[in-house]
Amino acid sequence: MSCWIKLGIEPTKDQDVIRGAYRARLPEFHPETDPQGFQLLRQAYEHALKLATRTDDDDEDEDEDDEDAGEEQAYAERPPRPPRVHPVIATFARMLADPARRYNVDAWQDYLRELDQLPLEELEDVSWELLWRLEEAGQLSNACVQVLAKRLAWDKQLLRLGFEEAQEVETLLARFAAPDPFDMRLMNDWSTAAQLETLWYLRSLDHLYNNRPLFELAAFAREHTVVALPPDAALVERLLLQIGQAGVASPSLYALCVERQALQPDDVDALYQLACQASLLGKEEEALSCWSRLWLEFRHPVAARELLDLCTAHQPQRLPLMIQAFDRLAPVRTWPDDLSEDEQTLGSPAQRPETLTRWFQAARLELDGIAGQFVDWRATDERELELLASLIDEHPDPALQRLYRHAWALHCGDAALLQQVLDEPKSSHLIDELILDGLRYQAQQQLAWLQQAPIPLAIQAFLNSNSPHPQLPDVLKDGATTLCRDWLRRLRAYDGRTLARLHETFSPRAMMPVPFGLEMQCELGAAGVVLPPAPAGAELWHWHRQALFMLALAQAPQRWLALVTPSMLDTLQCPPGHPLAKVHTLLLNLLQEQGNLDGLLGWLDSRDPLQKAIADSLPAPDQALSSARLPSTLALLASYQKDEEAFADDLLGMMLFWAVLYHDPALDAEQHRVLLRTMADISSEEPWFEAFRSGLIKGEPSRPPREKLDAYGMDSTVFYQVMDTLKGLIRYGRVGVPRLKVLKQLQKAKDDPSTGIGLRFALTAVLSWCERLLLAQADLQPVSPWAFWRWNTRLGRGAFVGQLMLWFFVTLVLAITSSDAPEAMVKIGLGLALLFGTCLRRLHDIGHGIVVMVLLAALSVALPFLPLVLVVMPGDVLPNRWGVSPEHHDPDALSGGLQAVLRRLIG
């Protein structure tokens, strides 16, 4: 058989290919079980190497080729010779085949003594054969091989070999230099199969652990197998480490861990291994106890990760709290005096890099409720308002809410609130105690920083200075913005002077992130509104609830109102002197009347600084139009100025709106000048436009052609009604308020979303003006129905019927009892005058004036009973230009606003 056939490859001169083929076929011909086959494979290998190393010259003749072919043919045809094995080699083979001696160092020492009996020439001959036998012998004890390697000094003879063979030998010796996985003598009484299986398994574990990803080790270890393990303590320790890190559960190793931990309760390694196996086997209560102890007593780095995993699985609402609690920086209690030193940053509010990673990992979980809000706040500085609402409002789990309150205080609470975190008693709930342990540690650090660090002390000294021109250290202006922000973001009560100084020096709006509510505190402070001093004890958090509610409402009213609940308002309980008290009462009333807080803008009084700040922060113009109560003229103007672009498509409606504001006496002279200049800047080539604009400015508006209004998409009827109402208000003031029917038509058009935004604002402004005039009459008392000489007053339907019958009867009696005709005519004229006054007063109650009365009198000549229609027609329920309703007078009728009454009447 050809050597190439024996090796299973094509003829080649590549020695690496030959060696690879030789090694690939070695497992088929084990020297102990098939020595003859092994000898033939070895001869084929050596002959192939000989052919590969032979050089061919281009001038070589065919005879030499024939000679090579003959040599190859001769090798292929000669019968296999029985292997010649040196006695020492045979002894070595028998030792390897004996399970009692294969891994016994003493047996190998005895074999060395047999080698020492050989002459040096023979020893050199068998030395390399022994090395190749070791390579092919499978799993061996490296300690035993080292005994042989040191005696034969293979590493000292590498220079006698070729380069490639030397590399191969060096690699082989390096493999044998590795330590054994355990004391091999412990397997002396095992069978060969058990020895080989155990040694192969343990070495495979070591190889995967040291050279491959842990998931490959885990996959290998999870394969079902039965392997004998020697009673070696170091081996067991290593297995516990490897199996635990790979995440492979083992009931037998768990039982061993329990036993070891009971014997050594303070051994951190034993506790760690027990915790690993308890976690892997699903014994979560025991795992929680072990990991908690590892963290609380030893600050074990793996314990934090495992506890976070357990919290994620079973207490996800507490996961953000645990992340916050595990963010432990090294404690700092001393700082250099020089404010420019880098060490000044130590101990200030910060977070470890892995904590930031944990925040982003928690964000991917999309936690709901207060947990998700806290994660978003810490990871991205978003949803702060939602978090504050959850902290202020009632919560189904008060203990959880209190923990989040403490976690918030670490970043935004002043010293008194941090002291409450420190004073928090121990919890019987293990996870809560883990959280509190971390929060207390951080609160202690923050208190030390606030009370002892030079930079906070310098800021406090600057703000509290009585000097008219205090000086802040330049380094705090230039290089410590972050540290100043960390001090400023804590909620405190400042006086007006301090707020002004703070705003001028630090510009909170320019900080990133912006300290919550600080800019609003400065704005309110400039208007004379400051927070009351913070109390001590249990009332401290209630003070924070009031302050946070007020600042959130003033800073972002629309977002905040969407978060406010009835329970939040009910439990807030603002004392009368608090800046929030009026707004709190207003919100309670609004919630009671309409069941929600929509349309707050119309209820706000711009004379109150806090309410003005809220109104200025409300978005426009949708907020103004959706307000449940008609906004004031000032609020409408502010809403328009916030989004002037929204009115660009409704020029005529916008001009009408400007005209209403221009003539409204509620605005000051400067605002009137701005509006006049705005209207004057509008121009058009339409011939009617100039007269229309001039009329609006003069208060005598000229009606644009109806077809032009239709071309602009305007409802001409509504447009003309607004112009007529404006003209009446300008000319007659209180008396110019239109009757109820017109007011209802105006309100209906204002609520119609198809009406242009400019015209809707004009309608709102007109109705708001009318409301203000009507409210001025709401406190008046109805005139007595028997004051018949007061023709400019109102008369109810019942009184009208009574007086009508009375005057008719009296006139009839007087006329009959008259002595002559002239006297009778005088008495009848007097009766007609009384009747005329009674009907006019009744018309006033319905909302009509003298013009309708004259028309009614003229028609009564042909229709004598026409005045009786006044009995059927109902009177206005609202005050009008002639006073309040005599039948439906209610001083509180307009307490909810004119708009609410009109909407109710419209249905």
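**Charges and rings**

Modeller: Let's start with Asp-342, which counts as exposed because its relative accessibility is 66% (exposed is over 50%, buried under 20%, partly exposed in between, with a 1.4 Å probe and protein chains only). Keep in mind that this is a predicted model, where local features need pLDDT of at least 70, side-chain atom pairs count only at pLDDT 80 or more, and totals for chains, interfaces and linings use all residues. Residues are numbered from 1 along each chain as its sequence is written, and side-chain values use heavy atoms, leaving out hydrogens and water.

Biologist: How do I read a pair of aromatic rings, say Phe-647 and Phe-761?

Modeller: You describe such a pair by the distance of the centres and the angle of the planes. Rings of Phe, Tyr and Trp (its six-membered ring) pair if their centres lie within 6.5 Å; planes under 30 degrees apart are stacked, over 60 edge-to-face, the rest tilted. That rule gives 22 aromatic pairs. For Phe-647 and Phe-761, the centres are 4.9 Å apart and the planes at 90 degrees, so the pair is edge-to-face. Both residues are buried. They also belong to one aromatic cluster with Tyr-640, Phe-657 and Trp-658.

Biologist: And which side chains does Arg-402 meet in a salt bridge?

Modeller: Side chains of opposite charge can pair when their charged atoms come close. The rule is a side-chain nitrogen of Lys or Arg within 4 Å of a carboxyl oxygen of Asp or Glu. Arg-402 meets Glu-424 at 3.2 Å, N to O. Arg-402 is partly exposed at 34% relative accessibility, whereas Glu-424 is buried at 14%.
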